[in-house]
Amino acid sequence: MSNYYLAKMYDQLARSIGEKVTLTAAEFELCKTFFIPKKIRKKQTLLLEGDICTYNAFIEKGILRSYTIDEKGNEHSVQFAFEGWWITDLSSFLLGQTSTYTIEALEDSELLLLTSSAREELMDTLPKFERYQRLLLQNAYIALQTRINAALNDSAEEKYVKLSIAYPEVVARVPQHMIASYLGLTPETLSRVRKQLSLRK
C-alpha cells in the first residue's frame with residue numbers, strides 16, 4: 001500500500017477518537033503504529049464461530065456483520081458495523097474463549113485490526129486511548145440495554161421504526177432478511193411491516 005493510501009486509511013479512526021478524546025498529531029501517529037491495515041472482500045469472514053477472536057476491528061470502509069447459527073440452521077444477526085465502528089466478539093477477544101459468532105463482510109471493506117496485546121500496550125502507552133476505549137464500552141452497554149428493552153417490549157413495527165431512525169444506514173445498505181434476523185422477526189413479518197409503513201406515507 002502507498003503511503004498516501006495508508007494515511008487516508010486512518011481518517012475514520014482519527015474522527016472516531018476525536019469525538020471522545022483529543023490527541024496531538026504525535027499521539028495519533030503513535031496510535032497508528034499499533035494497528036494492522038487489512039482489506040477483505042464481500043462475503044469474506046474475519047472470524048468463524050468456534051475460533052478464538054484475535055482482533056478488534058475498526059472499520060474504515062464497508063460493512064461487517066456478526067451472527068450466530070442455531071440448531072435449525074437459522075442465522076441470527078447480532079451486530080452490523082459501518083464506517084467508524086468497531087466489531088469483535090468481546091468475550092473471545094478479551095478472555096481467549098472460543099467465539100460464539102461469525103463475523104463477515106457485507107461489502108468490500110477496509111479494516112484496522114488491533115490485537116489484544118497491542119490494545120493493552122497502547123492503553124498503557126497512551127492513557128487517552130484507554131479513556132476512548134472505556135467510553136466506547138460504556139456506549140455499547142447502553143445500546144445493549146436499549147436493544148434488550150426493545151426486544152422485550154416493542155412491537156414488530158416499533159422495532160423497525162426505531163432501527164430506521166437510529167441507524168438509517170442499516171435499512172439502506174443491509175439485506176432485508178438480515179435486518180429481520182437482527183430484529184427477531186421473520187422476513188415475511190418485516191415485509192408486512194414495511195408495506196404497512198409505506199402505505200401511511
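Predicted model: local features only at pLDDT ≥ 70, side-chain atom pairs only at ≥ 80, totals over all residues.
K61 stands opposite E110 in β8.

Strand β3, residues 55-61, pairs with β8 in the antiparallel sense, and six bridges hold the pairing. Those two strands sit within an open sheet of four strands, in the order β1-β8-β3-β6, with antiparallel pairing. Which strands stand at the edges? They are β1 and β6, and each has a single partner strand, so one side of each is left without a neighbour in the sheet. A helix also belongs in this part of the picture. Helix α2 lies across β3, β6 and β8, and it runs at about 110° to β3.

Now the other sheet. This is also an open sheet of four strands, with the order β2-β7-β4-β5 and antiparallel pairing. Its edge strands are β2, residues 45-47, and β5, residues 75-81, each of which pairs on one side only. From one strand to the next, the twist averages 30°. Helix α9, residues 176-183, packs on this sheet and touches β4, β5 and β7. The direction of α9 makes about 100° with that of β5.

Look next at β2 and its partner. Strand β7 covers residues 102-105, and two bridges join it to β2, the two running antiparallel. For T45, the bridge partner in β7 is E104.

Is T102 buried or exposed? T102 has a relative accessible area of 8%, so it is buried. Leaving out residues up to four places away in sequence, T102 touches T45, L47, L48, E49, R65, S66 and Y67. With E49 there is a polar detail: a polar atom of the T102 side chain lies 3.1 Å from the backbone nitrogen of E49.

T88 is in the loop between β6, residues 86-87, and α4, residues 90-95. Its relative accessibility is 14%, and because the cut-off for buried is under 20%, T88 counts as buried. What does the side chain of T88 reach? It reaches the backbone oxygen of Y55, at 2.9 Å. Not counting residues up to four places away in sequence, T88 touches C53, Y55, N56, F93 and I103.

On to the cores. The largest nonpolar core has 20 residues. Those with the most contacts inside it are L13, I17, C31, F35, W86, F129 and Y132. Which elements each supply at least two residues of this core? They are α2, α3, β8, α5 and α6. The largest share, three residues, comes from α5. To see one member in place, take F129: beyond its neighbours within four places in sequence, F129 is in contact with I17, C31, F35, W86, L114, L122 and M123. There is also a second, separate core, with 17 residues, including I63, V174, L185 and V193.

Two packed helices are described by the angle between their axes and the distance between the axes. For α5 and α6, the angle is about 120° and the axes are 5 Å apart. That makes α5 oblique to α6. On the α5 side, the residues that meet the other helix are R119, L122, M123, D124 and T125. On the α6 side, they are P127, F129, E130, Q133 and L137.

Staying in helix α6, we come to R131. With a relative accessible area of 41%, R131 is partly exposed. R131 touches K20 and V21, again not counting residues up to four places away in sequence. Between R131 and R41 there are 32 Å in space, C-alpha to C-alpha, and the two are 90 residues apart in sequence.

Where is K43 found? K43 is in the loop between β1, residues 36-40, and β2. Its relative accessibility is 64%, so K43 counts as exposed. Its phi is near 75°, a positive value in a residue other than glycine.

Conventions
Residues numbered from 1 in each chain as written. Heavy atoms only, no water. Pairing = 2+ DSSP bridges. Axes fitted to C-alpha atoms, helices over the stretch in contact; angles between N-to-C directions. Contact = heavy atoms within 4.5 Å. Core = buried A, V, L, I, M, F, W, Y, C linked by side-chain atoms within 4.5 Å. Buried < 20%, exposed > 50% of the residue type's maximum accessible area, 1.4 Å probe, protein only. Polar contact = N/O pair within 3.5 Å; in protein donor to acceptor, adjacent residues only side chain to side chain. Parallel < 35°, antiparallel > 145°, perpendicular 65-115°, else oblique.
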